[in-house]
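Hi,

Here is the structure I promised to pass on.

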Amino acid sequence: MPEARGGLHRRIALETPEHVRLEYQLADLGSRAAALALDLAIIVTTILLLVLVLRFTGALGGAGAGFGTAVLYIVLFFATWGYFLFFEAVWDGRTPGKRALGLRVLHDGGEPLSFQGSVLRNLIRFVDLQPGVTGMAGAATILFNRRAQRLGDIVAGTIVVRDTGGGEMFGDEVEVSGRPTLSPEQFELLAGYMARREGLEPGVRARVASSVWGALRESVGGDLAESEADPDARLAHVHGAEAPRHAAGRGGASLQAAAMARERREAWEAYTALVEKGRARGLGALTEEEVRAFGRLYRGVTADLARARTYGASPAMMEAVERWAGSGHNLLYRAKGRAAVPLGRWVAREFPRAVRRHRWPVLLAALLLFGPMLASYGAVRDVPARARAIMPPGMLARAENTARGDPDAAYLEVGGAEMPALSSMVMTNNVGVTFTAFAGGLLAGVGTVLILVFNGVLLGAAFGLYANNEVLGVILAFVFPHGVMELTAICLAGGAGLGLGSALLVPGRRTRREALRERGRAFLSLLGGAVLLLLIAGLVEGFYSPSGLPAVAKFAFGGATAVLLAVYFGFAGRGVRAAPVP
């Protein structure tokens, strides 16, 4: 089990399947906020550059406006929901900001971040940023959680650790000559600084290094090379020379570690080369012989880590061996964890099975959507003035100006050049709503309920408004082709959010933390299916629904969609042995 230790710089110990203990320093709030600020700067700069390019090329005006606007909608959606998810999933738990600050996301069992974990922690980011976009919820959770986890980390089962890469495994061989230059008290001061230096912010680190160097400068004398320009580098140089001398004075335990380093130097060189190659191109890029060598060398390095602890190796050597052992562990288990359900099999079997397995939360979500919709429709039909308190002015004007008695009348006048923009706007907006509905489940389901009820009230009021103006057939003809898929997707996402919320209300025999993690993963398949349906519905709404086809063709298309979905969810994947749930 992982164990987090308190203190200014919290650390966590994780045990690998090989029964090797790896220790990581947890990233603090300041370093995570700095990485987030850097990522946000990259996002904003990219969007501004894209807008300038689109304006310069004329893609935001004239004949190409529809295409340029569509691209802009998609990029804005990716910036909001996809940037962190994408980079953490494909870049081994790091975004550009995290990489620059030396941070990495891992699962709290020590495994590399999975795609599923990246999706969960980044969808819940919406809740962590509340209230508004202040980020207070996430910041407070990081400060008071012993593993420095925000809400998204708790659901995904992840932690953020300091990981600056491999570093030097061996360096120069340790030569012990002469007696220690520093007194035991002075060396303890120096060793304490070296143990904490990686966790200090640059400005604080420079001030502390200057203070420590001032206390040791007279004792060190003129033994340093003139090239050591700053106090931190000078202290690192002194520590490298003094550590084996003081270890020898304590009985020579660290001398055994130095001897081990000299003995294992060649093997460590081969191991680090294989790890770097695997990091750059994946473990699959290694030859069969290299894979066998990597496995053998990895086992050797994990054994060396245990020996280094036993020998009382210097902090620098311990950190390097531990970091490279962790790098090999991440590479090995990242490769093992990539066996996912193929997309075709998931669509054909796993997704419809998930809908049937979780039918009760989905049906409850449908009740929360369609119940308020019917109530709102009835309220607006009874008192038409209520529509003006609910619907935006544009919708009111459209209903009043639509020709009566003609179900083939256009609900929206959309030209061919504008269809890509409409389609991308609808897709990104609706997918964002479903993500929010799922994340809102973390608020004990309250956020999900509010989103379902709010959308139901708006839909019912819109239908009531058009019915009062005797043009209900026009809006139904527009909505019916894509509406069946959209409403189904909202119910699926709502069911996923309610399922997540149930972990807080009725966790069963598990702790709430365990229930959140389990149900978050279990209901993720519903959310994935909702996104797939919304992508298809967005294409239909952008290109088919506003077309000039007669209303009967649009009703027939929507009816066929409803029948196909009913058959798909009712029968797909039956009679075939289910795959084990991860």
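**Salt bridges and the rest**

Arg404 is exposed, with a relative accessible area of 53% (exposed means over 50%, buried under 20%, and partly exposed in between, using a 1.4 Å probe and protein chains only). Its partner is Glu470: the two side chains meet in a salt bridge, 4.0 Å from N to O (a salt bridge being a side-chain nitrogen of Lys or Arg within 4 Å of a carboxyl oxygen of Asp or Glu). The pair links distant parts of the chain, 66 residues apart, with Arg404 in the loop between helix 17 (393-401) and helix 18, and Glu470 in the loop between helix 19 and helix 20 (472-505). Helices here are DSSP runs of H or I with at least four residues, strands are runs of E with at least two, and both are numbered from the N terminus. Glu470 is exposed as well, at 57% relative accessible area.

Before going on, a word on the source: this is a predicted model, where local features need pLDDT of at least 70 and side-chain atom pairs count only at pLDDT 80 or more, while totals for chains, interfaces and linings use all residues. Residues are numbered from 1 along each chain as its sequence is written, and side-chain values use heavy atoms, with hydrogens and water left out.

The structure holds 19 salt bridges in total. One of them joins Arg121 to Asp153, with the closest N and O atoms 2.7 Å apart. Arg121 sits in helix 4 (residues 115-123) and Asp153 in helix 7 (residues 151-156), so this pair ties together parts that are 32 residues apart in sequence. Both Arg121 and Asp153 are buried. Another salt bridge runs from Arg205 to Asp232, where the closest N and O atoms are 3.2 Å apart. Arg205 belongs to helix 9 (residues 202-220) and Asp232 to helix 10 (residues 231-249), so the parts tied together are 27 residues apart in sequence. Asp232 is buried, with a relative accessible area of 14%.

Which residues does Asp304 touch, leaving aside its neighbours within four places in sequence? They are Met260, Arg264, Trp268 and Val321 (contact means heavy atoms within 4.5 Å). Asp304 is found in helix 12 (residues 288-311) and is buried, at 1% relative accessible area. Between Asp304 and Trp268, 36 residues apart along the chain, the C-alpha atoms are separated by 9.9 Å.

Next, a helix pair. Helix 18 (residues 419-439) and helix 19 (residues 446-468) pack at about 140 degrees, with their axes 7 Å apart. Val433, Thr436, Ala437 and Phe438 of helix 18 make the contact with Thr448, Ile451 and Asn455 of helix 19. The axes are lines fitted to C-alpha atoms over the stretch in contact, and angles run from 0 to 180 degrees between N-to-C directions.

As for the chain as a whole, it has 23 helices and 5 strands. Of its 582 residues, 48% count as buried. Among contacts between residues at least 6 apart in sequence, 75% join residues at least 24 apart.

Finally, Ile74 lies in helix 2 (residues 65-90) and is partly exposed, with a relative accessible area of 48%.

Cheers
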